[in-house]
Amino acid sequence: MSRYILRRLIAMPFLVLGIVTIAFLITTVTKGDPLTAIVAEQQMSNPEVVAAAKARWGLDRPLPERYMIYLGNLMSGDLGTSFITKRNVGTDILYRLPATLELVFAAMIFGTTLGIVLGVLAAYFRNSLIDHGARLFALFGSSLPVFWSGLGLLFIFSVVLNWLPGPGRLDARLPLPPGVTGFLTIDSLLAGNLAVFKDALWHLLLPAFVLGWTVSGTISRLVRANMLDVMSREFVLTARAKGASEFRVVIVHALRNTMVPTLTVIGYSFAYLITGAVLTETIFSWPGMGSYAVEAARALDFPAIIGVTIVGGLAFLVTNLITDILYVVANPRVRLS
Amino acid sequence: MSAQLSSARTGAIDAAGEPLLSIRGLRVGFRKAGSQFEAVRGIDLDVAKGEVVGIVGESGSGKSVGMLAALGLTSKNAVVTGSVRFKGEELVGKPARAMRKIRGSRIAMIFQDPLSSLNPVMTVGAQIAEAIRLHQRLTHRQAMARAVELLALVAIPQPERRVSQYPHEFSGGMRQRAVIAMAVANDPDLLIADEPTTALDVTVQAQILSVLRSLQERLGLGLVLITHDLGVVAGHADRVAVVYSGRVVEQATVSQLFADPRHPYTRGLIASIPNLEESRERLFSIEGAPPALGRLPGGCAFHPRCIYAEARCREQDPPLLDVGDRFSACHFATTLPPFHGASLAPASLETGSLTS
């Protein structure tokens, strides 16, 4: 088992280098001129200003040199300076990433739990009202665009019913808790500030639901299909013949056997949401990675774009590694390979 | 028809005057997409304490479904009627919770395919320990220690090491031994083995059967051996029930059944056993195929394939009757010509064998 994980770990640096290289090269193949982001429009005709700007940002150097400089800086943890914010991209991302992670974690906890529960129920009560209801819920979850469901739910719960707050992470009148993890819910609890915790949690509910809904749709369909397959196997009959309760048969025996494909989807969804929650973050004014990526792309802010791409790539690498490790726990047959 | 089969006549009676298991008129129907069919159309069977009873029949004859139904293990759309009494206690219609206390504890059941009858993501020991702890108040540690003993009981070498391994680390024969160990974990009174050796190599089959038999003798188990293999029955059972199209058509002791079968279907089955002493080009087979469920012929279900069939066979379904030394469901049970084993088969019959 340890050898299996070791092999994965050894491959990691090479994969990271690949991601960095591709992220860097992406910016060179785009047609847009980053100078438009740096130099004011009236100054673009002034060759001195343009030359100075190019020299200032190193855009006058040949590509291989720029790549080597970037790699060198990256080694010391420097992701470069954003054209727009003029701050270090690493600092920007460290400020944005926790917001996204908090949202994605909440969405995944919600989406996974609901997806598994619905999938199991739908399989067990196949062709019943529960099954049809779960199918409809999944269909809406995966086919409703988030800008539609997000706005609709905001309208209902925030505007009409006034049960939940509007967009944002926290009421502007409340003080930010001291940053430890960057998760407002956890930091506020660490600081013992229940009012902030409650407000942060309330703000988190809707966007987490909207994101989690899409995930729960996929997971519930997958779990249902796998449960139907597993429940027809003989070991389920053996478990019943032993005198195990239906709950035990379903949860302990059947569900654990559906975990490997489910873990794959959970891992993939998690990594995808870290950079893919763009629309949700935009609608809910969530200051996360998605909205940062959009701003960077719109302004051709190359250092920021590269930074976001690298973080997204790393998210996939790390979640894949964790998923692989969990495979071993979930499926003893993997240990042989 | 159930009245005809008395426990006294079958000899399946223990000291208390009641057989261990007594099945009367068991029927199992399934509803599927509006249509309805009966997989079991009346099984009568007694099993005494310490007795080995073979149930023989082709696939789809209802032999497995009948025993699953007796244990309340059929699917939700099954309708089970009739009577299954275990130690005098009626099991048909018993609440699920009460049935769970009996399953795995007083009555255990093992299945055909050892490859899939163990949970692939749990260790063998954990699965045996689970069976123990579902019915006995033991700690996990105590149950695991007992699991090691049980693995040793079914002759698995190095049980201390094997107990923490997963099913995929076991061979097919060893898995079936582990399944048997799990089945006898709570010292049951009755063990139902559904084709326990069908999925195994011939040499392993013999080992598994000898493990089953030695356990059966040592623990005084009642054993129901469901099989399509008459050879298994001949070697290991005390009594046999032959099942055709969801019904018991003949029931007798093994020696009586093989010496003088009183049902044409049984005769066909015995005639189609390959015989080493006789050199025949083709193996005897019963002509035709078993009827599809839900499309049974009128009268005796066997009559379209029966070489003795007459007009009344097409109209009246014969009940299972006491014909002196055994039970037979044939109008001509007492008047069939003497049985000469394989010579019954005309040489011109088509090839093929009784498939399972």
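Which residues have the most contacts inside the largest nonpolar core? They are A:L103, B:I128, B:A181 and B:V224, and the core they sit in has 170 residues. Keep in mind that this is a predicted model. Here's a quick tour, starting with that core.

**The core**
- Chain A's helix α9, covering residues 194-231, gives the most to this core, with 16 residues.
- Over in chain B, B:A181 touches B:I128, another of the residues with the most contacts in the core.
- Leaving aside residues up to four places away in sequence, B:A181 also touches B:L150, B:L151, B:L153 and B:V154.

**Chain A overall**
- Chain A has 15 helices and zero strands.
- Its C-alpha trace spans about 85 × 55 × 40 Å along the principal axes.
- Chain A has 337 residues, and 37% of them count as buried.
- Take the contacts in chain A between residues at least 6 apart in sequence: 70% of these join residues at least 24 apart.

**Helix α7 of chain A**
- This helix runs over residues 146-160, and its buried residues are A:V146, A:S149, A:G150 and A:L154.
- Among the elements covering those buried residues are α9 and α13 (278-283) of chain A.
- Just after α7(A) comes A:N162, with a positive phi of about 60 degrees.

**Where the two chains meet**
- On the chain B side, 23 residues are in contact with 18 residues of chain A.
- In chain B, α3 (96-102), β6 (107-110) and α4 (124-133) each supply at least two residues of the side that touches chain A.

How values were computed: Residues numbered from 1 in each chain as written. Chains lettered and ligands numbered in written order. Predicted model: local features only at pLDDT ≥ 70, side-chain atom pairs only at ≥ 80, totals over all residues. Core = buried A, V, L, I, M, F, W, Y, C linked by C-beta atoms within 7 Å. Buried ≥ 20, exposed ≤ 12 C-beta atoms within 10 Å, placed from the backbone. Helix = DSSP H or I, 4+ residues; strand = E, 2+ residues; numbered from the N terminus. Contact = placed C-beta atoms within 7 Å.
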